[in-house]
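Subject: A structure for you to look at

Hello,

Here is the structure I promised you. Please open it first, then read my notes below.

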Amino acid sequence: MVSPAPGTSLRRHRLATRLWHWTNAVALIILLGSGLGISNAHPRLYWGRYGANFDHAWASLPHFPGWLTIPSGYNLAISRRWHLMFALVFAFGLLIYMVASLLNRHFQRDLAIRREDVSPHHLIDDVRHHLDFHFHDPEQPLRYNSLQKWSYIAVIFALLPLMIATGLALSPGMDAAWPWLLQLFGGRQSARSVHFLAASLLGGFTVVHLVLVILAGVVNEVRSMVSGWWRVPA
């Protein structure tokens with residue numbers, strides 16, 4: 001197989017991936033901002049079914065400044081409205097993306113785990129390549145490396161569904177329809193704690209993702225997520 005020359009334009013991202021990426025980017029910003037606004041109403045986390053001011057909290061969260069919250073001033077009702085509306089965008093967007101990625105074989109083609117992806121030696125090499133700012137295999141530049149695969153699999157198939165499931169568990173309407181969902185997480189306060197922890201991990205993933213995009217070449221990476229075409233770096 002002949003390696004593509006630097007500067008060669010390759011088709012990298014399908015339309016379904018690009019639409020989901022930008023829809024998710026907007027939804028995630030609003031969900032995190034409104035979620036921090038909701039947190040400011042009662043910045044304490046508990047385990048179990050109950051939690052109030054005089055109960056033992058396993059974590060006391062800081063008061064988040066207005067430039068991080070939606071809306072910028074304290075308004076619990078508006079924060080909840082923004083959160084619920086974009087939670088629906090977030091959840092149905094994930095569902096449509098997963099169906100489309102199965103149909104166009106994106107998951108099978110790009111995220112399938114191979115023997116080398118579970119090799120500790122290979123994973124260590126991947127870490128070294130990232131530390132050297134070598135993010136792509138020059139022989140197969142479109143191929144996802146092992147760290148990409150594991151991170152995307154963890155986010156798409158574990159972290160995002162966990163966010164949605166715990167969010168549903170916090171809804172009184174869903175509690176009435178599916179009481180087993182709240183029991184699955186050990187109570188409303190446990191579901192709230194897991195929801196916050198999952199949101200924190202998702203926020204951390206987003207920060208790392210943005211840093212890697214900048215290091216890999218922000219113009220080339222963003223262009224590929226807009227047009228679908230990506231140029232092989234030197």
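**What I found**

Val222 sits in helix H8. Helices here are DSSP runs (H or I) of at least four residues, strands (E) are runs of at least two, and both are numbered from the N terminus. Val222 is partly exposed, because its relative accessibility is 34%. The cut-offs are these: buried means under 20% relative accessible area, exposed means over 50%, and partly exposed lies in between, with a 1.4 Å probe and protein chains only.

Before going on, note that this is a predicted model, in which local features need pLDDT of at least 70 and side-chain atom pairs count only at pLDDT 80 or more, while totals for chains, interfaces and linings use all residues. Residues are numbered from 1 along each chain as its sequence is written, and side-chain values use heavy atoms, with hydrogens and water left out.

**The nonpolar patch**

Together with Trp22, Ile214, Val218, Val219 and Val226, Val222 forms a nonpolar patch on the surface. The accessible area of the patch is about 540 Å². Such areas come from the Shrake-Rupley method with a 1.4 Å probe, and for residues only the protein chains shown count as cover. A patch takes residues with over 30% relative accessible area and no salt bridge; nonpolar side chains (Val, Leu, Ile, Met, Phe, Trp, Tyr) are joined within 5 Å, like charges within 9 Å.

Which element gives the largest share of the patch? Helix H8, residues 188-227, supplies five residues.

**Two helices that pack**

H8 also packs with helix H1, residues 15-41. Their axes are 13 Å apart, and the angle is about 140 degrees. H1 is therefore oblique to H8. Axes are lines fitted to C-alpha atoms, for helices over the stretch in contact, and angles run from 0 to 180 degrees between N-to-C directions. Under 35 degrees counts as roughly parallel, over 145 as roughly antiparallel, 65 to 115 as roughly perpendicular, and the rest as oblique. The crossing of H1 and H8 is left-handed. That term applies if the near helix is turned anticlockwise from the far one by less than a right angle; clockwise makes it right-handed.

**The whole chain**

Now step back. The chain has eight helices and four strands. Read from the N terminus, the order is β-α-β-β-α-α-α-α-α-α-α-β. Along the principal axes, the C-alpha atoms fill a box of roughly 65 × 35 × 35 Å. The chain has 234 residues, and 34% of them count as buried.

**Salt bridges**

Side chains of opposite charge can pair when their charged atoms come close. How many salt bridges does the structure hold? There are six. The test is a side-chain nitrogen of Lys or Arg within 4 Å of a carboxyl oxygen of Asp or Glu. Take three of them.

- Asp117 meets Lys149 at 3.0 Å, N to O. This pair links distant parts of the chain, 32 residues apart: Asp117 is in the loop between helix H3 (106-110) and helix H4 (120-131), and Lys149 is in helix H5 (residues 146-169). Both residues are buried.
- Arg188 pairs with Asp175, with the closest N and O atoms 2.5 Å apart. Arg188 is in helix H8 and Asp175 is in helix H6 (residues 172-177), so the pair ties together parts 13 residues apart in sequence. Arg188 is partly exposed because its relative accessibility is 29%. Asp175 is buried, at 12%.
- Asp110 meets Arg109 at 3.3 Å, N to O. Is Asp110 buried or exposed? Asp110 is buried, because its relative accessibility is 12%. Arg109, at 37%, counts as partly exposed.

**Backbone points to check**

Most residues other than glycine have a negative phi, and most peptide bonds are trans.

- Ile70 and Pro71 are joined by a cis peptide bond, with omega about -5 degrees. Pro71 is in the loop between strand E3 (59-60) and H2.
- Arg105 has a positive phi, near 65 degrees. Arg105 is in the loop between H2 and H3.
- Phe133 also has a positive phi, about 65 degrees, and is not a glycine. Phe133 is in the loop between H4 and H5.

Best wishes
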